[in-house]
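I opened the model to look up a few things: ring contacts, a pocket and some strand pairing. My notes follow.

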Amino acid sequence: MKKPSVFFSVLILSGFLLIGQLSFAQSPKPFIEVTGTRVEYQVNPVGVDVLQPRFSWKIKANVRNIKQIAYEIRVGQHPDKLKNGDPLLWTSKKVQTDESNQIVYQGPALKPGQKYYWTVRIWDNQNHITDWSATAFWETGLLNASNWKAYWIESVITDTLKEAVSPLIRKTFKLKKEVKSARLYITAHGLYQLEVNGKKPNDWVLTPGWTSYHKHLQYQTYDVTGDLQKGENAIGIILGKGWYSGYLAWNNGKNLYGKQSAVLAQLEVEYADGSKTRIVTDKTWKFNLGPILMSEIYHGETYDARLEIPGWSTPSFSDKSWKPVAVKDYNKDILVAQVGPPVRDLVELTPVNVFKAPNADTLVDMGQNMVGWVRLKVNGKAGSK
């Protein structure tokens with residue numbers, strides 16, 4: 001039998017040496033922590049209407065064969081006092097279980113518009129106790145109809161030729177002190193676009209979403225603390241028919257849930273000194289017609305740029321010529337906080353082709369199926385379509 005070469009023998013020997021070195025390597029120090037904490041499937045959510053919210057978390061470790069065998073949750077309204085345990089609103093104490101999802105809060109009844117902080121630690125099957133997780137929070141919404149102090153309001157359009165117009169609704173108000181916290185709760189019959197002091201507070205669109213409006217209607221909660229200022233402020237709302245009263249389903253069906261767009265909004269402000277004030281939709285709000293002459297989910301939009309009103313949602317704008325809204329007694333018992341993620345404007349697409357059809361229409365190929373808006377620039381005389 002032919003003897004192995006020296007080179008081959010050295011490789012074998014080197015392999016044994018490497019294995020030996022690995023076998024004597026020091027094991028890593030066990031590390032385990034709780035991460036990925038969520039309430040009602042969200043990270044630090046605001047505007048939660050669930051009376052007994054559910055907690056969940058994940059386990060991160062650098063060693064194998066780790067399993068949770070128990071947990072402890074603490075809930076309080078003072079984040080700096082959670083980990084020393086005084087005072088606490090509720091503690092689960094040590095619960096023997098491997099469950100880490102949909103753990104139900106079982107403490108005292110929650111109050112509307114309140115922020116609650118929480119943390120959790122676990123015990124594992126290798127006799128480790130983790131540190132408390134990073135402090136997380138959730139904030140309740142208005143919880144029930146009795147906490148809505150706002151009134152439903154709508155524009156008063158008597159001209160049937162203008163019924164399709166998306167009205168502009170606004171209100172100016174004065175805040176006398178520095179703002180510590182501000183939450184705006186809002187919903188609509190139809191669709192709304194919100195502006196605070198001339199700016200949208202976030203990138204949400206198609207709010208409040210499509211639900212079975214006779215049974216439940218979602219409202220959204222906006223943190224507008226950074227959008228408000230001491231002194232004069234303004235809220236502006238554009239209303240559209242959307243799924244509520246727009247064309248929907250077959251045979252040109254419309255007004256499936258109602259005929260008139262309306263809005264309900266309530267702003268809760270806490271000042272730096274702890275005092276509070278509230279601004280609600282009521283008879284003091286005003287409306288006017290704007291540049292959107294028609295806006296439908298399926299039929300597109302008619303926009304007259306000559307009717308734009310610059311600065312209409314800012315506090316310095318004069319609305320003396322605007323008309324008062326009508327106050328309505330619509331149902332509030334069906335209101336629920338938004339339970340899913342918002343619809344957002346995420347991607348901007350550039351057409352892959354623009355060409356003329358045989359009938360001379362201009363066709364734009366976006367290169368993919370999409371839902372969104374078209375932005376275009378045109379030149380022409382005023383009044384051209």
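Is W138 buried or exposed? I find W138 buried, with a relative accessible area of 0%. Buried means under 20% relative accessible area, exposed over 50%, and partly exposed in between, with a 1.4 Å probe and protein chains only.

**Ground rules.** I am reading a predicted model, where local features need pLDDT of at least 70, side-chain atom pairs count only at pLDDT 80 or more, and totals for chains, interfaces and linings use all residues. Residues are numbered from 1 along each chain as its sequence is written, and side-chain values use heavy atoms, with hydrogens and water left out.

**Aromatic pairs.** I searched the whole structure and got 17 aromatic pairs. Rings of Phe, Tyr and Trp (its six-membered ring) pair if their centres lie within 6.5 Å; planes under 30 degrees apart count as stacked, over 60 as edge-to-face and the rest as tilted. Y116 and W138 make a stacked pair, at 5.4 Å centre to centre and 25° between the planes. Y116 sits in strand β8 (residues 115-124) and W138 in strand β9 (residues 136-140), so I note a link between distant parts of the chain, 22 residues apart. Helices (H or I, at least four residues) and strands (E, at least two) are DSSP runs, numbered from the N terminus. Y116 is buried too, at 2% relative accessible area.

I then checked Y213 and Y244. Their ring centres are 5.5 Å apart and their planes stand at 65°, so this pair is edge-to-face. Y213 lies in the loop between β14 (204-205) and β15 (217-223), while Y244 is in helix α2 (residues 242-245), so the pair ties together parts 31 residues apart in sequence. Y213 is buried at 4% relative accessible area, and Y244 counts as buried at 8%.

Which residues form one aromatic cluster? I list F55, W90, Y105, Y116, W118 and W138.

**Charge over a ring.** K115 lies over the face of F137, at 4.4 Å from the ring centre. The test wants NZ of Lys or CZ of Arg within 6 Å of the ring centre and within 35 degrees of the ring normal.

**Second largest pocket.** I read a volume of about 600 Å³ for the second largest pocket. A pocket is an open set of points on a 1 Å grid over the protein atoms alone, where a 1.4 Å probe fits, with protein on both sides within 12 Å along at least five of seven lines; lining residues have an atom within 4 Å of a point. The volume is the space filled by probe spheres set on the points. Of its 24 lining residues, G113, Q114, S181, E270 and K276 are closest to the centre. β8, β12 (179-189), β17 (262-271) and β18 (276-280) each give two or more residues to the lining. β12 gives the largest share, 5 residues. I sorted the lining into 6 nonpolar, 8 polar and 10 charged residues.

**Strands.** I traced an open sheet of 3 strands in the order β1-β3-β7, paired antiparallel. Two strands pair if DSSP finds at least two bridges between them. β1 (32-39) and β7 (103-104) are the edge strands, each pairing on one side only. β1 meets β3 (residues 54-61) over 6 bridges. V34 stands opposite I59 in β3.

Last, I looked at β20 (residues 292-296) and β21 (residues 300-303), which run antiparallel and are joined by 4 bridges. They form a hairpin with 3 residues between them. S295 has E301 in β21 as its bridge partner.

How values were computed:
Ala, Val, Leu, Ile, Met, Phe, Trp, Tyr, Cys and Pro count as nonpolar, Asp, Glu, Lys and Arg as charged, and the others, Gly among them, as polar.
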